[in-house]
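Hi there,

Here is the structure I promised to pass on. Have a look at it first, and then read on for what turned up.

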Amino acid sequence: MRRLLAIGEALIDFIPAESGKEMKRVSAFAPAVGGAPANVCGAYVKLGGEASMITQLGDDPFGDKIADEFVSCGIGCEYVKRTAKANTSLAFVALKEDGNREFSFYRKPGADMLMEAKDIRQEWFQDAFGLHFCSVSLGDFPMKEAHRQAVAYAEKAGALVSFDPNLRFALWEDTMALKQVVHEFAPMAHVLKISDEELEFITGCGDIKDALPQLLKGNTRLVIYTKGSEGAECYTKEASAFAPSQKVKAVDTTGAGDGFIGSFLYCLSADGVTADTLDRLTPSQMERYLAFANRFCGKSVMGRGAIASYPMMEEMDRK
């Protein structure tokens, strides 16, 4: 199986000691390694794949913690830079009664935001299966151009490019700037994952089928539409599929969407699917990948944290 690369933020999620409380009422938080692209690598690796993270950490103890956890869980650190110019990014998370989250970010700037296009090397992408990225690191700072360079190198190498907007409104003073950057980068990706909570903001449509002409354009060949407990759908220009979610008691939804796309990308890689063959996916293939990702996601939300809650392949068939 070929290696997955992901670019963007790796940070410390501070997970609350109590659920069902707004952030200002939480009494204590515990640090956990997170950041959506890092979580995607974690899911891919937990299932038996190889993945490496492209990011920048602060030269500080939290950066050490992230690097150590990457090593311990098998995420490649060869493209992780360190800097003394900014601290490692932090994100405090509160878990509401329904399992959803409230965020407060500490990255003004964070070390990841200062990674530059010149830091990205073309040779990293040779023989890679794919490159995954999100929108958190696409603000008006150097890391945005690092993303643009990485996508260009990945496409040149024939790697599959995957984009999950993973919208975090708290990080944007101007939400229209967020919408604009999603519209700019989404057509660069061969695979686009979008959630039911994001659809209307990004497309102006409340129905995924009405939005597909906007989404299946540029390089985009496959759209994955996740609906939480209502399951997930998949669309190419030629075919579509649906798989229901498993009914579970959610303890912590942190990293659930990242686990979904990480496990879905694992399925694509395991089956030898490439950017050039996405158009030829059958409904049965897509349904199988969706069902696997839903099962992976269902198991992850029953534990706390992101990468720490992801199941390994041998756990996937257990009840």
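To start you off: which residues line the second largest cavity? Before the reply, please keep in mind that this is a predicted model. The lining is made up of Val182, His183, Ala186, Pro187, Leu192, Ile202, Thr203, Gln214, Leu215, Lys217 and Thr220. Two or more of these residues come from each of α4 (175-185), α5 (199-203) and α6 (208-215). Sorted by class, the lining holds 6 nonpolar, 4 polar and 1 charged residues, and the volume of this cavity is about 110 Å³.

How many cavities of 30 Å³ or more does the structure hold? There are 2. At least two lining residues come from each of β2, α1 (36-46), β7 (90-95) and β8, with β8 giving the most, namely 3.

Some of those strands also belong to a sheet. It is an open one of 4 strands, in the order β3-β2-β7-β8, with mixed pairing. Its edge strands, β3 (29-34) and β8 (101-106), each pair on one side only. On average, neighbouring strands here are turned by 25° against each other, direction ignored. If you zoom in on β2 (residues 11-16), you'll see that it pairs with β3 in the antiparallel sense over 6 bridges; Ile12, for instance, has Val33 in β3 as its bridge partner.

Now for β12 (residues 222-226). Is this strand mostly covered or mostly open? Mostly covered: 5 of its 5 residues are buried. Leu222, Ile224 and Thr226 point one way, while Val223 and Tyr225 point the other way.

With β11 (residues 191-195) it pairs in the parallel sense over 5 bridges, and Leu222 in β12 stands opposite Val191. With β13 (residues 232-235) it runs antiparallel, joined by 4 bridges, and here Val223 has Tyr235 as its bridge partner. The hairpin of β12 and β13 has 5 residues between the strands, and Gly228 in that hairpin takes a positive phi near 60°.

Cheers

How values were computed: Residues numbered from 1 in each chain as written. Predicted model: local features only at pLDDT ≥ 70, side-chain atom pairs only at ≥ 80, totals over all residues. Heavy atoms only, no water. Pairing = 2+ DSSP bridges. Axes fitted to C-alpha atoms, helices over the stretch in contact; angles between N-to-C directions. 1 Å grid on protein atoms, 1.4 Å probe; cavity = no way out; pocket = protein on both sides within 12 Å on 5 of 7 lines; lining within 4 Å. Points joined across faces, edges and corners; volume = space filled by probe spheres on them. Nonpolar A, V, L, I, M, F, W, Y, C, P; charged D, E, K, R; others polar. Buried < 20%, exposed > 50% of the residue type's maximum accessible area, 1.4 Å probe, protein only.
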